Amino acid sequence: MILSLVLAASVATFVNRTVIDTMIVRNRDKVAVAEALARSGVHIARAVLHEQLQRKIDSARGRVEDSEVMGNTDYDLTARVGGYELVTKEGAVLRVSIFDNRARLNLNSLVRYSSAEKAHGVDNLDQALLLDELDSSMRSEVLEELERIEEEEEEFDTDDPFNPGKESIKRNRNKKDNKLQGSVLGDQEGKPIPDAEAFLMDFFERVIEEMDGTSEETEYVVRELARNLIDYMDHDHDRIGGGAEDTYYRLQDPPYLPANRPLLSVLELGLIEGFDYRLVKRLEQYLTVYPLFAAEGVNVNTAPGHVLGSIWLGSGGNRRLLSESDVVSILEARNEGFYFCDDAASDPDRCITLAEVGIYGEIFPPTTLAARSWVYTVLSQVIYGDIERNVEAVINMTQTGKDTPFLLYWRLQ
């Protein structure tokens, strides 16, 4: 009987171990399938983004009968793709969602940054736009300088790779771009835009009012939050209210310095004096940092209601946060198939101005409508039995010499 019991226990242990090992192998296979499928979702998103951009280009050039809006709206291909799911023969479900980053408030739009333009130069279209921003006397001066440089270029055969003047021409072109860019920005590079502090105070106050918790847990000084954020991002080393801005950061363990550059992540707010984990997590649903340079305000054609309610309306010192009725008017117009633009005559059947729904004044932070987006966040989610895998990626569509959309950020979880 003892031998029988020992033998039975051994067999039971062996069977149990075999079952466990089989389950481990099966789960590993499922995990591998889920992760591979989640990664493939990002490639699907890149293809969709490329197709959407091509459609808009073809429509603008009259190559197709279908009319596409050059700005981003709720009716774009990227906005619709999230309503579908792909099911594999193994039973895994893939959902790919593509989010317009301009549907959120870009913190980097509150400080003037032109480093991207300076690094890559300015093309002719940008030159024209920059010239429009100059006063008449400065515009004449810049145009005279550009004409002089153009005359120097004509003296050389630029198609001859052995021409000794080729490098000189290249240097002149760089001078031309830098002169034009510097004439517009001047000493404003790395400084907050007008009214940035007041806007941030209103924005933080509204977000904090909606936070859960006791009065002690939600006790923040909004003016300090606004000033600390601007001090962390601007190029100087002084506090807005006076004093050195790095004092707090040098006392941390380990010590560090304020970035004095664009924010690279919304979570970077946690490094700034006055911001704690609860507040940063609450702010995440409102904010983005993409694009890092030359950022503009919120795209009212794609932003959700809670983000619309966090932007300013008006002009000069008479600005206010959008009211609930303003937000409802915008969302209702979008649901009826309209989109907002600055010039309704460009598309009279679908394009309307904010004034046509009873909203008067300028949007702040400043933006042009219909707003165009170049950076998107992709969420690729896979559910395979009891296994779930998600890939979050940020895709840049500005190309900069590349043939396809490229990745700025990637995270598997």
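Let me begin with Lys-56, a residue that is buried, at a relative accessible area of 5%. The model under discussion is a predicted one. Lys-56 belongs to helix α1, which covers residues 2-60. Leaving aside residues up to four places away in sequence, the contacts of Lys-56 are Glu-68, Val-69, Met-70, Gly-71 and Asp-76.

I turn next to the salt bridges, of which the structure holds 17. One of them pairs Asp-74 with Arg-334, with 2.9 Å between the closest N and O atoms. Asp-74 sits in the loop between α1 and α2 (77-80), while Arg-334 is part of helix α12, so this pair ties together parts that lie 260 residues apart in sequence. How exposed are the two partners? Asp-74 is partly exposed, at a relative accessible area of 29%, whereas Arg-334 is buried, at 6%.

Helix α12 deserves a description of its own. The helix comprises twelve residues, 324-335, and the distance from its first C-alpha to its last is 16 Å, close to the 16 Å expected at 1.5 Å a residue. Its buried residues are Asp-326, Val-327, Ile-330, Ala-333 and Arg-334. Viewed down the axis of α12, these residues fall within an arc of 130°, so they line one face of the helix. Glu-324 and Asn-335, on the other side of α12, are exposed. Which elements receive the buried residues of α12? They pack against α11 (305-308), β5, β6, β7 (339-340) and β8 (351-352). Just after the helix, Gly-337 adopts a positive phi of about 100°.

Arg-320 is partly exposed, with a relative accessible area of 38%, and Asp-326 counts as buried at 7% relative accessibility. Elsewhere, salt bridges that share partners link Glu-197, Arg-223 and Arg-227 in one network.

Let us now consider the sheet. Three strands, in the order β6-β5-β9, make up an open sheet with antiparallel pairing. Its edge strands, each pairing on one side only, are β6 (318-321) and β9 (362-364). On average, and with direction ignored, neighbouring strands of this sheet are turned by 30° against each other. Strand β5, residues 312-315, is joined to β9 by three bridges, and Leu-313 stands opposite Ile-363 in β9. Which helix packs on the sheet, touching β5, β6 and β9? That is α7, whose direction makes about 145° with that of β5.

Is α8 mostly covered or mostly open? It is mostly covered, with nine of its twelve residues buried. Among them are Val-222, Leu-225, Ala-226 and Asn-228, together with Tyr-232 and Met-233 at the end of the listed residues.

I close with one more salt bridge, in which the side chains of Glu-284 and Lys-281 meet at 2.8 Å, N to O. Both partners are partly exposed: Glu-284 has a relative accessible area of 24%, and Lys-281 one of 38%.

Conventions. Residues numbered from 1 in each chain as written. Predicted model: local features only at pLDDT ≥ 70, side-chain atom pairs only at ≥ 80, totals over all residues. Heavy atoms only, no water. Buried < 20%, exposed > 50% of the residue type's maximum accessible area, 1.4 Å probe, protein only. Helix = DSSP H or I, 4+ residues; strand = E, 2+ residues; numbered from the N terminus. Pairing = 2+ DSSP bridges. Axes fitted to C-alpha atoms, helices over the stretch in contact; angles between N-to-C directions. Contact = heavy atoms within 4.5 Å. Expected span 1.5 Å × (residues − 1). Arc of directions from axis to C-beta. Salt bridge = Lys/Arg side-chain N within 4 Å of Asp/Glu carboxyl O.
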